[in-house]
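Then turn to the helices and the cores.

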Amino acid sequence: MERIGFIGLGNMGRPMAKNLEKAGFSLSVYNRTAAKAEGFKMQSTIYSSIKGLIENCDVIFTMLTNDDATKAVYKQVLGLSVVGKLFVDMSTISQEASIEISKAIRIKEASFIDAPVAGSTKPAAEGTLIIMVGGEEKDVMRARPYLEKLGKLVKHLGGNGQGIAAKLSINYFLSMIYQGLAETVLFSEKLGISRSDILEIINESASGSGATKAKTNSLIANDYTPAFALNLMLKDILLAHRAGADYPLSQVLIDTYQSAHDSGFGSDDVIGIINYLKDEKNRI
């Protein structure tokens, strides 16, 4: 049995690491904020440094916020002896950063795959994420037994960077769905249709989807506790735009999500964009 390491125990990383722990794998964890690792002390090993974890693990998962955070962790990794180890980065970062890291890892005679996920905190806890993977087939096969404990679908899409490509594509689409859903709810309310009624109609019709259903309770309760924060969606829209998403809706999405972020809604759940849009003066 390989020794598994997990770096990054945030809103997504923690439930994902918990699923590996529940599956019975030999798990070690590290988080920059040590308190977030406390829930693992009964069954897993908690490390106070990335170096300690890397030295004692064979397959290392990373789930970090952005390019800067991911590069900072892998800068430490690249200063260590990592021959034969496999790194599985599940962060949503730029293709450029992911490919750059993968090349540097290979020079160190180790392996790297990018494996970002579709799904927020609930699917992460349930182990029903969709995992999009880029990397060499042998490395994907090595990681598959662990990835299958985290998601309901593990899709190998090609070489390094292709998992990221799929993730940016799907989040670009989701950004349209969430803004469109928020605008539709506001429009229907303006015409005298209740929020709960229009959402029931949406979800039972061809316009409904897993995305609309996932945000229904938040919209009805007016509770925007983040499952996936608006500022993370903004990051992904900007990454998609940088990667070539230059279409009629692209700039509209950037303008709306950036303005919502700048207006103080960045830490809300992504569907909290409705609170930005409902102010008449903020409408684009």
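In what order do the six strands of the open sheet run? The order is S3-S2-S1-S4-S5-S6, and the pairing is parallel. This is a predicted model, in which local features need pLDDT of at least 70, side-chain atom pairs count only at pLDDT 80 or more, and totals for chains, interfaces and linings use all residues. Residues are numbered from 1 along each chain as its sequence is written, and side-chain values use heavy atoms, with hydrogens and water left out.

Strands (E, at least two residues) and helices (H or I, at least four) are DSSP runs, numbered from the N terminus. Two strands pair if DSSP finds at least two bridges between them. Strand S3 (45-46) and strand S6 (111-114) have a single partner strand each, so one side of each lacks a neighbour in the sheet. Strand S4 (residues 59-62) joins strand S5 (residues 86-89) in the parallel sense through four bridges. There, Ile60 has Phe87 of S5 as its bridge partner.

Helices cover this sheet. Helix H4 (residues 95-107) lies across S5 and S6, at about 165° to S6. Helix H6 (residues 137-147) lies across strand S1 (3-7), S4, S5 and S6, at about 65° to S6. Axes are lines fitted to C-alpha atoms, for helices over the stretch in contact, and angles run from 0 to 180 degrees between N-to-C directions. Contact means heavy atoms within 4.5 Å.

Now the other sheet. Three strands form an open sheet, ordered S7-S8-S9, with mixed pairing. Strand S7 (117-118) and strand S9 (151-156) are at the edges, each with a single partner strand, so one side of each has no neighbour in the sheet. Strand S8 (residues 129-133) runs parallel to S9, joined by five bridges. Val133 stands opposite His156 in S9. Helix H7 (residues 162-190) packs on this sheet and touches S7 and S8; its direction makes about 135° with that of S8.

Next, a helix pair. The axes of helix H8 (residues 195-204) and helix H9 (residues 210-221) come within 10 Å and cross at roughly 175°. H8 and H9 are therefore roughly antiparallel (angles over 145 degrees).

What holds the interior? A nonpolar core is a set of buried Ala, Val, Leu, Ile, Met, Phe, Trp, Tyr and Cys residues joined through side-chain atoms within 4.5 Å. Buried means under 20% relative accessible area (1.4 Å probe, protein chains only). The largest core has 54 residues; Ile7, Ile54, Val77, Phe87, Tyr178 and Tyr257 touch the most other members. H7 gives the most to this core, with ten residues. Apart from it lies another core, of 31 residues, including Val88 and Ile113.

Note on methods:
Parallel < 35°, antiparallel > 145°, perpendicular 65-115°, else oblique. Buried < 20%, exposed > 50% of the residue type's maximum accessible area, 1.4 Å probe, protein only.
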